[in-house]
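Here are some questions and answers on aromatic rings for a reader new to this structure.

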Amino acid sequence: MHDVLESAANQLRVAKRLAPRRGASLAERLGRLDDRLVFVVGSPRSGTTFLAGAIGSLPGFVDLGEVAPVKAAVPELALLPPGQAAPRLRRILAVSRRVGLVGAVRPVEQTPEMAFVLRAVPLAYPDARVVHIVRDGRDVVCSLLDKPWLRPEQAASDDAGVPYGAHARFWVEPERRTEFESASDARRAAWVWRSYVTAARAADGALELRYEDVTADPEAVAVPLADHLGVAVEPLAAALGRAHASSVGRYRSDLSAEQLADVEAEAGALLVELDYA
């Protein structure tokens with residue numbers, strides 16, 4: 001009964017956020033569901049919110065935000081074979097889109113944890129597109145350290161009911177769960193970045209973008225992204241042009257030598273692989 005009530009509460013959160021949006025036509029609200037979804041994935045604090053918002057601002061698209069029922073279901077979906085996870089994902093998103101009055105318009109889903117379920121996406125939505133945005137893991141750590149999500153002794157939870165704190169999440173290697181919980185905040189944050197990025201890069205069919213490239217040259221980034229999505233370049237470039245570069249490289253001033261050493265110990269190999277270090 002608790003799971004049913006929690007699921008209903010999460011769907012109500014979707015309705016509260018999406019249903020009141022202005023300017024949507026009756027067909028966009030109540031028409032046949034458009035299965036050409038766009039899934040924007042990446043580590044938390046990598047620019048997923050910005051990128052999904054930029055795509056969602058285009059005509060014919062709507063940014064769903066982080067869909068709470070999806071986020072709550074991901075730990076279970078990630079344990080299932082893709083063929084079993086796919087129909088469950090479709091059911092959850094179908095209900096979310098109906099209660100949110102998102103019909104004949106292309107939805108943009110931006111739950112970062114979907115990185116761990118990407119193999120189910122082409123089975124659930126053959127016409128979907130996946131975009132993976134990557135940001136320098138050291139800057140991601142800085143941003144995560146600003147949030148309470150990974151700090152010990154946190155009693156709060158996010159809007160999907162997922163609790164904050166230093167406890168090991170479903171994506172932590174089973175043999176390292178105790179290590180995760182006793183690690184420094186900086187190392188836990190680097191663990192997040194490494195785990196999400198590795199999961200997203202393991203799936204086929206995603207277009208990978210760099211946050212740093214978006215801020216430096218949005219017009220150049222818009223060309224492959226527009227082709228991937230099947231949209232015009234110019235309005236997409238304009239939307240991407242709102243990205244700011246003020247946080248690029250912030251790790252140089254924000255991380256101590258000890259914190260940087262912890263980040264490199266946990267995620268140094270991936271930083272090198274991605275040419276960040």
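Q: How many aromatic pairs does the structure hold?
A: The model is a predicted one. Two rings count as a pair if their centres lie within 6.5 Å. The number of aromatic pairs in the structure is six.

Q: What is the geometry of the aromatic pair of Trp171 and Phe180?
A: The ring centres of Trp171 and Phe180 are 5.7 Å apart, with 90° between the planes. Planes over 60 degrees apart fall in one class. The pair is therefore edge-to-face.

Q: Is Phe180 buried or exposed?
A: Residues under 20% relative accessible area count as buried. Phe180 has a relative accessibility of 0%, so it is buried.

Q: Which parts does the pair of Trp171 and Tyr196 tie together?
A: The two rings have centres 5.7 Å apart and planes at 70°, so they pair edge-to-face. The partners are 25 residues apart in sequence.

Q: Which residues form one aromatic cluster?
A: Trp171 pairs with Phe180. Trp171 also pairs with Tyr196. The one cluster is made up of Phe116, Phe170, Trp171, Phe180, Trp191 and Tyr196.

Q: The charged end of Arg135 sits over the ring of which residue?
A: A charge over a ring is within 6 Å of the ring centre. The charged end of Arg135 is 5.5 Å from the centre of the ring of Tyr211.

Notes
Residues numbered from 1 in each chain as written. Predicted model: local features only at pLDDT ≥ 70, side-chain atom pairs only at ≥ 80, totals over all residues. Heavy atoms only, no water. Phe/Tyr/Trp six-rings, centres within 6.5 Å; stacked < 30°, edge-to-face > 60°. Buried < 20%, exposed > 50% of the residue type's maximum accessible area, 1.4 Å probe, protein only. Helix = DSSP H or I, 4+ residues; strand = E, 2+ residues; numbered from the N terminus. Lys NZ or Arg CZ within 6 Å of the ring centre and 35° of its normal.
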